[in-house]
Amino acid sequence: SAPLASSVCDVGTLDLAPGYTIDADFFFRKRSLACEHSDPTKRARGGVTGDLLVMRNNALDDIKAALKTYGLGKGNMAQRWDKIVKSGHVTPDLVHTHMASWLVTYNELLRQLKTDKKKKVATWTLSSVGHHSTTNHNMISTLETLVATMAEHVMASEDRVKQLKKTELCSLRKAQTERNRLMAPWRPSGVHADSRMPVHMLRYMIDNGLLISQHGTSGTSKIVSLYDGNAGDLDETCPWVIPFSHVTPGKDIAMLRAAIGEKRIEDAMSRAEAFLNEDGNRLMSDIRMKPMGGGHDHVEELAWVPGSWRARSLIPEALRSLGTPWLLSHDVAGARKDGVQWPLAGFGHLLCVQRGDMLTCLIPPTAIVDRGATLETCIPFLTQLSWQHFDAFVTQHCQFATLIPGRALWVPYVGVAYLCRGLSLVTATSSTFRT
């Protein structure tokens with residue numbers, strides 16, 4: 001035959017022979033269509049062909065479908081149950097006795113299917129493909145049955161958790177509404193409005209359940225420790241709530257009332273109550289109980305000072321000046337909150353409730369001074385804080401104590417006492433000794 005002539009092909013054509021050309025795009029397009037419509041058993045993939053290739057592909061399709069249905073999103077029972085547990089709303093009646101073993105089996109089946117998908121299916125041979133296909137089908141059937149069983153309990157638990165969250169949210173909204181109602185008198189337009197009053201303090205007390213007959217929405221506050229004698233000697237550098245029933249130092253401190261004089265105290269309490277009732281705007285009364293000496297006045301004999309403190313010469317001085325006992329009386333809305341009111345900031349003192357009850361917040365001066373404020377501007381500083389900063393400050397630095405008759409609070413020399421009588425449901429005025 002004649003040799004092929006050499007010539008330059010035009011773009012998009014193949015030069016077959018002189019005078020004969022074919023469109024290259026048409027040629028390759030026809031070949032691609034032929035491959036797409038060919039029998040898959042006649043093509044090789046992964047080094048195998050025929051029935052083995054078909055069975056491998058079918059097994060891979062089944063595994064992918066099972067993993068997508070039971071291993072992702074809402075179909076993953078293990079993830080859904082984990083969310084239920086982490087929600088903190090799981091109660092014993094929601095935890096099925098078999099759920100733990102079901103989760104182990106469920107996770108193991110998913111692991112085996114993932115391993116088959118990645119490695120094992122590619123190793124199947126024509127002699128073993130039947131056994132492997134049956135095993136694979138049984139695993140998927142077991143997984144399907146297990147998921148159906150687990151789903152019943154998981155869905156019931158999810159519904160229960162949703163209901164509990166809904167109930168909690170409703171309770172929280174009611175608590176917030178009640179808190180706003182209780183705080184209303186102390187807001188700028190309220191009857192007890194006071195620019196020096198840190199309204200955030202009331203919110204913190206209510207939210208943390210510190211006020212009598214109140215249930216808080218959180219519980220992050222620090223409570224002053226109750227002295228039980230196990231700590232050894234009473235540490236004067238730490239605040240303590242000291243019950244009078246304790247042999248020492250409680251019974252020593254309980255002698256303060258007798259040292260001042262029962263009749264004298266009752267007369268002072270009557271005068272304080274009359275003073276508060278005379279004018280509805282009067283919320284506090286301070287009566288100085290200056291030691292007189294002689295008669296029934298034994299304050300200066302210091303028998304009421306804890307014995308261990310007397311042994312170490314930790315005794316008050318100048319009892320006829322700053323060391324004088326004071327009778328502090330509060331109305332229901334009364335609160336002592338700045339440096340011009342007793343007790344003075346930075347002085348160590350005992351607080352002994354005689355009637356009613358009292359909530360006390362101890363603010364360490366160092367926490368105020370380190371932020372650039374002074375003891376005189378302690379309360380104004382707190383009123384200027386946003387709620388987020390106030391909540392963080394009080395949670396980190398402050399301590400609280402609820403006082404009732406029969407207990408005393410020791411405020412160390414480094415403490416600022418913020419005394420709040422407000423929001424208690426007890427209607428009687430609160431009378432407190434401070435010395």
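**Exercise 1.** In which helix do Asp82 and Lys86 lie, and how many residues apart are they?

*Solution.* The model is predicted. Step 1: place the residues. Asp82 and Lys86 are both part of helix α3, 4 residues apart, which is about one turn of the helix. Step 2: look at the side chains. They meet in a salt bridge, at 3.2 Å from N to O. Step 3: check the accessibility. Asp82 is partly exposed, because its relative accessibility is 36%. Lys86 is exposed, with a relative accessible area of 66%.

**Exercise 2.** Find the salt bridge of Asp207 with Arg179 and state which helices the pair links.

*Solution.* Step 1: the side chains of Asp207 and Arg179 meet at 2.9 Å, N to O. Step 2: Asp207 belongs to helix α6 and Arg179 to helix α5, so the pair links distant parts of the chain, 28 residues apart. Step 3: both Asp207 and Arg179 are buried.

**Exercise 3.** Classify the aromatic pair of Tyr204 and Phe400 as stacked or edge-to-face.

*Solution.* Step 1: the centres lie 5.6 Å apart, and rings pair if their centres are within 6.5 Å. Step 2: the angle between the planes is 15°. Planes under 30 degrees apart count as stacked, and the pair of Tyr204 and Phe400 is stacked. Step 3: locate the partners. Tyr204 sits in helix α6 and Phe400 in strand β10, so the pair ties together parts 196 residues apart in sequence. Step 4: Tyr204 is buried at 0% relative accessibility, and Phe400 is buried with a relative accessible area of 1%.

**Exercise 4.** Describe the surroundings of the ring of Trp387.

*Solution.* Step 1: the rings of Trp387 and Phe390 have centres 6.3 Å apart and planes at 25°, so this pair is stacked. Step 2: both residues lie in helix α13, 3 residues apart. Step 3: the charged end of Arg203 sits over the ring of Trp387, 4.0 Å from its centre. Step 4: Trp387 is buried, with a relative accessible area of 16%.

Terms used:
Residues numbered from 1 in each chain as written. Predicted model: local features only at pLDDT ≥ 70, side-chain atom pairs only at ≥ 80, totals over all residues. Heavy atoms only, no water. Phe/Tyr/Trp six-rings, centres within 6.5 Å; stacked < 30°, edge-to-face > 60°. Helix = DSSP H or I, 4+ residues; strand = E, 2+ residues; numbered from the N terminus. Buried < 20%, exposed > 50% of the residue type's maximum accessible area, 1.4 Å probe, protein only. Lys NZ or Arg CZ within 6 Å of the ring centre and 35° of its normal. Salt bridge = Lys/Arg side-chain N within 4 Å of Asp/Glu carboxyl O.
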